[in-house]
Amino acid sequence: MAIDGLYISGYFSDNDNSMLSAYADELKEKGFRFYVRNLSGAMMQSAFDFADFELIAVAYEVLQQFILNGGYDVTKYFFKKLWLNITKSREDKIPFTISIEGIPTINGAETIKCKIQGQLSDEQKEKVLDKVFSLAHQVENHQYQLMEKNQYYNALNGHLFRYDLSDDTLHEIDIVAEVKKNSQKQ
């Protein structure tokens with residue numbers, strides 16, 4: 001799916017409609033489209049570690065424009081605000097995902113999906129956003145070598161990263177190794 005604005009996914013109630021409308025209006029004023037996928041009432045069966053249920057997704061080009069139009073700090077503030085409203089600050093086993101699509105590389109456009117799990121403070125969320133935005137920039141500038149695409153790449157629509165709270169870093173997930181490890185547990 002090509003993203004031409006800001007896309008979010010989560011479990012929203014009728015009470016969230018005014019908040020979502022306010023975001024849509026704010027983004028529309030800045031010239032950005034806003035898309036919402038509401039999962040409330042939907043039956044979900046998937047590998048929660050890899051699926052994108054609660055997420056913010058943005059095209060790299062849109063992210064760059066967002067930063068230019070609003071400034072870096074305003075962009076982080078807006079992402080944190082969305083993150084808070086999507087997850088509703090609950091502790092959950094389902095990881096929250098930040099996805100950046102269409103990062104230009106010499107091998108074509110790439111997508112990174114960063115999975116974040118656990119209760120993070122506002123300061124930690126800012127650090128995560130800095131790391132995700134920096135990672136996208138590093139991928140574009142050939143400063144970070146992504147793993148080779150495997151048979152799961154198309155199904156997952158990108159390279160998956162996991163945020164490790166203990167060492168404050170993003171690590172690319174070796175999906176093949178994870179699948180093997182999970183199948184051996186059973």
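Trainee: Is the crossing in which H3 passes H4 left-handed or right-handed?

Mentor: Keep in mind that this is a predicted model: local features need pLDDT of at least 70, side-chain atom pairs count only at pLDDT 80 or more, and totals for chains, interfaces and linings use all residues. Residues are numbered from 1 along each chain as its sequence is written, and side-chain values use heavy atoms, with hydrogens and water left out. A crossing is left-handed if the near helix is turned anticlockwise from the far one by less than a right angle, and right-handed if clockwise. H3 passes H4 in a crossing that is right-handed.

Trainee: At what angle do H3 and H4 pack?

Mentor: Look at residues 72–87 for H3 and 122–140 for H4. Their axes lie 10 Å apart. The angle at which the two helices pack is about 120 degrees.

Trainee: How many residues in the contact of H3 with H4 are charged?

Mentor: On the H3 side, the contact (heavy atoms within 4.5 Å) includes Tyr72, Lys76, Phe79 and Trp83. On the H4 side, Asp122, Lys125, Leu129 and Phe133 are among the partners. Sorted by type, seven of the contact residues are nonpolar, one is polar, and the number that are charged is six.

Trainee: Within what arc do the buried residues of H4 fall?

Mentor: Buried means under 20% relative accessible area, exposed over 50%, and partly exposed in between. The buried residues of H4 include Lys125, Val128, Leu129 and Phe133, and what covers the buried residues includes H2, H3, E4, E5, E6 and E7. Seen down the axis, the buried residues of H4 line one face of the helix, because they fall within an arc of 150 degrees.

Trainee: How far apart are the end C-alpha atoms of H4?

Mentor: H4 has 19 residues, and at 1.5 Å a residue they should span 27 Å. The model agrees with that, since the end C-alpha atoms are apart by 27 Å.

Trainee: Which exposed residues sit on the face of H1 turned away from its buried side?

Mentor: Start with the buried residues of H1, which are Met19, Leu20, Tyr23 and Leu27. They cover an arc of only 100 degrees around the axis, so they are on the same side of H1. The buried residues of H1 pack against E1, E2, H2 and H3. The face turned away from that buried side carries the exposed residues Ser18, Lys28 and Glu29.

Trainee: What is the phi of His142?

Mentor: You'll find His142 in the loop between H4 and H5. His142 is exposed, because its relative accessible area is 51%. Although His142 is not a glycine, its phi is positive, at about 60 degrees.

Trainee: And what about the phi of Asn157?

Mentor: Asn157 lies in the loop between H5 and E6. Asn157 counts as partly exposed because its relative accessibility is 33%. Asn157 is not a glycine, yet its phi is positive, at about 55 degrees.

Trainee: What percentage of the protein chain is made up of buried residues?

Mentor: The protein chain has six helices and seven strands. Out of its 186 residues, the buried ones make up 42%.

Note on methods:
Axes fitted to C-alpha atoms, helices over the stretch in contact; angles between N-to-C directions. Helix = DSSP H or I, 4+ residues; strand = E, 2+ residues; numbered from the N terminus. Nonpolar A, V, L, I, M, F, W, Y, C, P; charged D, E, K, R; others polar. Expected span 1.5 Å × (residues − 1). Buried < 20%, exposed > 50% of the residue type's maximum accessible area, 1.4 Å probe, protein only. Arc of directions from axis to C-beta.
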